[in-house]
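Please report on how the secondary-structure elements of this model are packed together.

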Amino acid sequence: MHISSSFNAPVTSGINNKPIAPIKNSERTAEPVSQVEQATTKQTQPSIVIDEQAIALFKENEASQSTQAQPNKEKFSSASQDQPSLKNETAVASYQTVSNLAQRESVQQLLGVDLFA
Amino acid sequence: MSSFLSNNPSQKPSVFWRKYHFFILLFTAVIFKQLPLVSIPFNWLESYFHEISHGIAAIITGGNIVRIQLFANGAGLCTTQGGIAFIISFSGYAGATLWGWGIYKLASAHEQIAQLFSVLIFLLLVSSFVFWGRDLLTWFILAVLAGIFLLTIKLKKVHYLQRLMQLFGLLILLNSLFSPSSLLDGRHLGDGAALASMTFVPEIIWVLIWFLIALLALYSLYKTAKR
């Protein structure tokens with residue numbers, strides 16, 4: 001019996017009182033939560049530290065990457081226009097100079113001849 | 001024909017031959033020159049001796065022959081390098097006259113000499129083919145001329161070779177007698193024009209000189225034949 005009386009009394013009272021109070025509490029507790037969030041956000045913003053060294057390193061890397069990429073880009077563009085590079089042109093010109101030496105000599109010999117009919 | 005060319009003094013044609021063989025050969029050469037197809041190889045022969053004379057003159061005066069070109073119409077071209085241009089220019093027609101005169105003279109001297117000289121000309125033609133011919137037409141003409149001389153060498157009766165060589169000599173001489181006149185065409189081209197520009201002596205004088213040399217050579221052969 002004791003059990004049952006004790007069971008009823010608190011239940012009814014508990015039912016009637018509890019739903020209002022905790023809701024209110026919860027509403028109130030909600031405010032501090034938002035404040036905490038705000039506080040945490042306020043705390044994280046100042047926590048981003050701009051590392052000058054890292055930025056400098058990044059910029060340096062970016063610059064080196066761009067210089068490495070530039071000749072390839074040039075090569076690609078010249079290849080698309082079907083034009084050999086200056087280096088290749090010089091090599092071909094020097095090669096042709098050697099091959100033209102014999103031809104030039106034969107022309108010089110031809111110019112030095114006489115024709116008799 | 002054999003009795004006609006015979007050396008036996010007892011036969012009448014032989015006496016006739018001995019007396020008039022130069023004129024007979026000269027007349028035959030003139031006839032050959034008038035024949036349309038037969039005259040072609042003989043024109044090549046004269047043209048070859050003309051060009052080889054230019055070449056030999058170049059070699060003698062310190063130059064060298066680069067190339068010899070012969071054409072079907074009897075024209076020719078000798079390309080030389082170095083040497084004395086005046087002598088090389090002059091020796092074309094004069095040299096051909098000398099060749100004609102020499103061939104006739106040597107053929108008249110002795111049958112064996114005629115044969116030997118024929119072999120030498122054949123070797124000269126072969127050398128020209130190998131060293132100085134550069135085109136198909138020249139090679140063909142040189143091969144035909146070499147073939148003619150090879151046939152004369154192969155003749156069983158050397159006596160006929162002697163007559164043939166004399167005929168070739170006269171044909172070359174006749175060509176070199178009349179061909180300089182072709183230079184007087186008003187175009188200022190050829191050896192006469194080259195000599196005129198070198199010496200300021202008019203082209204006609206050079207043509208006359210060549211004509212006189214050929215005439216003298218012909219007269220010399222006539223005198224030799226009369227003996």
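Helix α2 (residues 39-60) of chain B lies across β1 of chain A and β1 and β2 of chain B, at about 170 degrees to β1(B). Helices (H or I, at least four residues) and strands (E, at least two) are DSSP runs numbered from the N terminus. Axes are lines fitted to C-alpha atoms, for helices over the stretch in contact, with angles from 0 to 180 degrees between N-to-C directions. This is a predicted model, in which local features need pLDDT of at least 70, side-chain atom pairs count only at pLDDT 80 or more, and totals for chains, interfaces and linings use all residues. Residues are numbered from 1 along each chain as its sequence is written, chains are lettered from A and ligands numbered from 1 in the order in which they are written, and side-chain values use heavy atoms, leaving out hydrogens and water.

The three strands form an open sheet in the order β1(A)-β2(B)-β1(B), with antiparallel pairing; strands pair if DSSP finds at least two bridges between them. β1(A) and β1(B) stand at the edges with a single partner strand each, so one side of each has no neighbour in the sheet. The twist averages 20 degrees from one strand to the next. Six bridges join β1(B) to β2(B), and Ile65(B) stands opposite Thr80(B).

The axes of α7(B) and α8(B) come within 8 Å and cross at roughly 120 degrees. The two helices are therefore oblique to each other (angles under 35 degrees are roughly parallel, over 145 roughly antiparallel, 65 to 115 roughly perpendicular, the rest oblique).

| Helix | Residues in the contact (heavy atoms within 4.5 Å) |
|---|---|
| α7(B) | Asp191(B), Gly192(B), Ala193(B), Leu195(B), Ala196(B), Thr199(B) |
| α8(B) | Glu203(B), Trp206(B), Trp210(B) |
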